[in-house]
Amino acid sequence: MVANSSIGNKDIMIPIVKGIMIENKNNMNKPRLILDPKKVNETIKVILDTGSNISLINRKLLTEEMKSMIHNSKDIVEFPLLGIKESNVQDVNIQLGDDVYKFIVTDVEVVDVLIGNDILKESIIDQQKQLLILNNRRYRITYQKSKEYKCNLNTEEEEYINSKFEEDEDIKDKVIEIVENLPSTICDILVKTNPSEEEIEIITNFISEEFEDVIVEKLPEISDQLKKSRRNKIIHNILIKTGMEIKPAKKLIYYTSDDQKKVVEEMIEKFLDLGIITRSKSNYSSPIILIREENKWRIVHDYRNLNEVTVRDEHPFTPADNLISQCKDSKLFSKFDMIMGFFQVMLNPKHQQYTAFTTHIGKFEYLRMPMGLVNSPSTFARLMVETFGKIKNLLQYFDDLLIHTKENYKKHFIEIIRMLLSTRSAMASLLLSNNVPFHVVKKMGRWKSNETIDTFYDKRIIGEKSGGFLNTVVKLS
């Protein structure tokens, strides 16, 4: 946290413990700070700041006798809470519990006492129960709104090589706005070098709540707002080669068993509900085929006749092994998946008729871009580049997004926020259950040519099958 008078009306929550300063009758050379005192009317505010490497006490709290115990120092000390540096500072030894700690003496009015990470590094802060456990003693925490402090996270750590390809200004501004308004608990966790599993879960919960419109469990409906968004600029077209026609397909049903029919019926019901398909009166038709994989049926479309006469869209793709090499020096990874990726692309209404397919319960056609079309991968890649191409620390491969940084949680968090804001701007959606943030890797495994990005992430980065958005940090040897 950092004091900043330019924030205006922006509030953040500051963790506070009540306290009092008294003279130590058992050791007159060391004043005593008592936290969470009982049956005391007048108390001072003791701020908890794990992002600070020093602890502070206001000079006005010291009696004349206590002031006689102040020591002068020629050290240069940075006050993280206040955003300033001072030389020739003064300090005083204060007893807290059974131990004695050095506090820097300050004259700044906004601080009574601040306990930094020099004291809190061995403590436990239970944010749910609002408890501080320090030296086996428990103290109650309260949270107070403040307009005088903000999170000290730098959103401009790296410059882009070519300013023409910088991210949109509105994305930059929103990143700064979110960072400046972060709860102090999040700020304190992000400045740590090794947050606990519980602290990582706090961050991921904050992210999922802040972007609940982006990280979803169900593909959103096509809204008027979506049609006006920049994502709607990329629609899938099916252009037929000049002088060629789509060969009529025999309207055969290639599946017969009851369990296969049930799978088809479930897919049709689901896709109708999500607005992916609609009933069709098209003169065109392609069959569907059911393939048995991992003890379940997978439905695929046989669009070969349509693909033969479709004008090719040769969009370039970066080989997956080349992409992985870009993050060889990274130690911190977060994986996100687009929810039903291809179905987030709109299909040109004039070309929907070409996608018609026949089932035992009728004929249907797609409103959104289906898999199986020869140009679907190219159109989807173009959407991903348009949405995420300007984010430097983001590796993208089809519907997989991999944020990678060195082991710096502040930088990594900012990159996640940047990616999520870009997703929101494009009105795209990520799948809640497949997002796995903040995994630490000691040594990167080698890429195998037959692996997908998902497989590589699961086996080489996580070391296990990913299990959801709230997975905790895993360190590999």
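Asp302 and Arg304 form a salt bridge, with their closest N and O atoms 2.8 Å apart; the term stands for a side-chain nitrogen of Lys or Arg within 4 Å of a carboxyl oxygen of Asp or Glu. Asp302 is buried at a relative accessible area of 16%, whereas Arg304 is exposed at 58%. Here buried means under 20% relative accessible area, exposed over 50%, and partly exposed in between, with a 1.4 Å probe and protein chains only.

A word on the model: it is predicted, so local features need pLDDT of at least 70 and side-chain atom pairs count only at pLDDT 80 or more, while totals for chains, interfaces and linings use all residues. Residues are numbered from 1 along each chain as its sequence is written, and side-chain values use heavy atoms, leaving out hydrogens and water.

The whole structure holds 14 salt bridges, and the table shows some of them.

| Salt bridge | N to O distance |
|---|---|
| Asp302 and Arg304 | 2.8 Å |
| Asp98 and Arg137 | 3.2 Å |
| Asp36 and Lys38 | 3.6 Å |

Take Asp98 and Arg137, which meet in a salt bridge. Asp98 sits in the loop between strands E9 (90-96) and E10 (99-106) and Arg137 in strand E14 (residues 137-140), so the pair ties together parts that are 39 residues apart in sequence. Strands (E, at least two residues) and helices (H or I, at least four) are DSSP runs, numbered from the N terminus. Asp98 is exposed at 65%, and Arg137 is partly exposed at 34%.

Asp36 and Lys38 belong to a network of salt bridges that also includes Arg140. Asp36 is buried, with 9% relative accessibility, while Lys38 is exposed, with 58%.

The largest nonpolar core has 41 residues, and Leu401, Met419 and Leu420 have the most contacts inside it. Such a core is a set of buried Ala, Val, Leu, Ile, Met, Phe, Trp, Tyr and Cys residues joined through side-chain atoms within 4.5 Å. Elements giving two or more residues to this core include helix H10 (376-388), strand E27 (400-405) and helix H11 (409-425). Helix H11 provides the largest share, eight residues. In soluble globular proteins, nonpolar side chains tend to be buried together.

Elsewhere, Leu272 is found in helix H7 (residues 258-274) and is partly exposed at 36% relative accessibility. Its C-alpha atom is separated by 9.9 Å from that of Leu367, 95 residues apart along the chain.
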